[in-house]
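Q: I would like to learn how to read the packing of helices, and the surroundings of a single side chain, from a model. Could we work through some cases together?

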Amino acid sequence: MDFIVQQWPLFTVAIAIIILLVLIMGLKLNTFISLIIVAFLTALMLGIPLDKVVATIEAGMGGTLGHIALIFGLGAMLGKLLADGGGATRIAHTLIDKFGLKHIQWAVVVASFIIGIALFFEVGLVLLIPIVYTIAKETKLPALYLGIPMAAALSVTHGFLPPHPGPVMIAKEYDANLGEVLIYGFIIAIPVAIIAGPLFTKFAKKITPTAFTREGDISSLGKNVNFKIEETPGFFISTLTALFPVLLMLISTIVKLMVEAQGINVNGLIKAIYLIGDASTAMLISILIAVITMGLSRGRKMKDVMQSVTDAIYPIGMMILIIGAGGAFKQVLIDGGVGKHVETLFTHSDFSPILLAWLVAAVLRIALGSATVAAISTTGIVIPLLEASDVNLALVVLATGAGSVIASHVNDAGFWMFKEYFGLSIKETVLTWTLLETIISVSGLVFIMIFSLFV
């Protein structure tokens, strides 16, 4: 009994997760409503004063959305402009033409990686699957042979690279430098995408050969805009539009590193570069450029271009609320003392904060299904531990992201999307999609741990 009392904060987290699973999976309750209910119940179990429960939840939700909603919304708009303007189609087809049939998997990885930086995972999947099916039909290759590299690249960018909401949100909570997260994320994401994409496909064909004979169903994607390649923008301008926010953030980060290394005085010009390289500013500038490159210069009317911008927001409304609710749950864990309890447990141990962040995120991901919810809930447990550590915060961000994508299974929407689009059985989906996500997570952690030896 004494043990339960001493470890009550941890028991509370376990109970909260079980309640969340029952609400979402058992009662089929909306994820946002479920998270808010669990946040209230957890606050009560942790003994937060009754008159402060609502304030804690509001602070967590507002604090999270105040930063992430802007980037999330702008990111959705940029992706939609790129898709509706034909830029994504141009990038995919050009790379596939250049690489040729022999190296077509590598073309899919590169194309999906570039497009994945600008588009959220689900949007990228919906956009690229029809292209993958068309190419598979033309080349007489199994759709899954191209689908695995595509999904690997999209998932890696979703888990590791800003301006995706997960890495941006985690970096904000840990107070990590977003530019460092971007640079280190690129270094780690590239080999991980190769391992989980073309290399894993060879292994997957051996363990589940029947999956590569399936014909999927993409009718649920609805009407897709089919572009003739000559009607799309040029490859250079399409790629530049997709990567522009990344380029601005990289330039700002490099300047910042040079300023710190050389001890240069921060003048007005440098401050302007910092402003332009901030994720929100970079996304806003990139959208204005995309309005021109993917819209007006293509002969599209401003009304039509703005309709793309409006359409981009409808699908992400609930996701924004879910992220906010995850922030509320995180704040409850912090204010309720869970983080401090974990800090006490690990203060005198040699357990790496990087490994702890990955482990907590992985457990929550397997239990909850949502990578975003797993990531933001992890921050509430890990943040206090970081205060007593000199670990590189950017690497902790990446470790949390890596843990949050592990072992996608039946409680994750991505699992069912992949299953239905490629016509797989549940067993085949586990042996392809679930294993793919696990490889991304584990190999990501390995590269992060190696990288931590040098930074």
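This is a predicted model: local features need pLDDT of at least 70, side-chain atom pairs count only at pLDDT 80 or more; totals for chains, interfaces and linings use all residues.

A: In general, two packed helices are described by the angle between their axes and the distance between the axes.

Q: At what angle do the axes of helix 9 and helix 18 cross, and within what distance do they come?

A: The axes of helix 9 (residues 165-174) and helix 18 (residues 371-386) cross at roughly 20 degrees and come within 9 Å. Because angles under 35 degrees count as roughly parallel, helix 9 is roughly parallel to helix 18, and the crossing is right-handed. Helix 9 contributes Met169, Ile170, Glu173 and Tyr174 to the contact, while the residues from helix 18 include Ala375, Val382 and Leu386. By class, the residues of this contact are eight nonpolar, three polar and one charged.

Q: How do helix 15 and helix 18 cross?

A: The axes of helix 15 (residues 317-335) and helix 18 cross at roughly 20 degrees and come within 8 Å, which makes helix 15 roughly parallel to helix 18. This crossing is right-handed. Among the contact residues are Gly326, Gly327 and Phe329 of helix 15, together with Ile376 and Gly380 of helix 18; the contact has nine nonpolar, six polar and one charged residues.

Q: Which residues is Tyr274 in contact with, leaving aside its neighbours within four places in sequence?

A: Tyr274, which lies in helix 12 (residues 268-277), is in contact with Ser252, Val255, Lys256, Val259 and Val266, with those neighbours left aside. Tyr274 counts as partly exposed because its relative accessibility is 23%, and buried means under 20%.

Conventions. Residues are numbered from 1 along each chain as its sequence is written. Side-chain values use heavy atoms; hydrogens and water are left out. Axes are lines fitted to C-alpha atoms, for helices over the stretch in contact, and angles run from 0 to 180 degrees between N-to-C directions. Helices (H or I, at least four residues) and strands (E, at least two) are DSSP runs, numbered from the N terminus. Angles under 35 degrees count as roughly parallel, over 145 as roughly antiparallel, 65 to 115 as roughly perpendicular and the rest as oblique. A crossing is left-handed if the near helix is turned anticlockwise from the far one by less than a right angle, and right-handed if clockwise. Contact means heavy atoms within 4.5 Å. Ala, Val, Leu, Ile, Met, Phe, Trp, Tyr, Cys and Pro count as nonpolar, Asp, Glu, Lys and Arg as charged, and the others, Gly among them, as polar. Buried means under 20% relative accessible area, exposed over 50%, partly exposed in between (1.4 Å probe, protein chains only).
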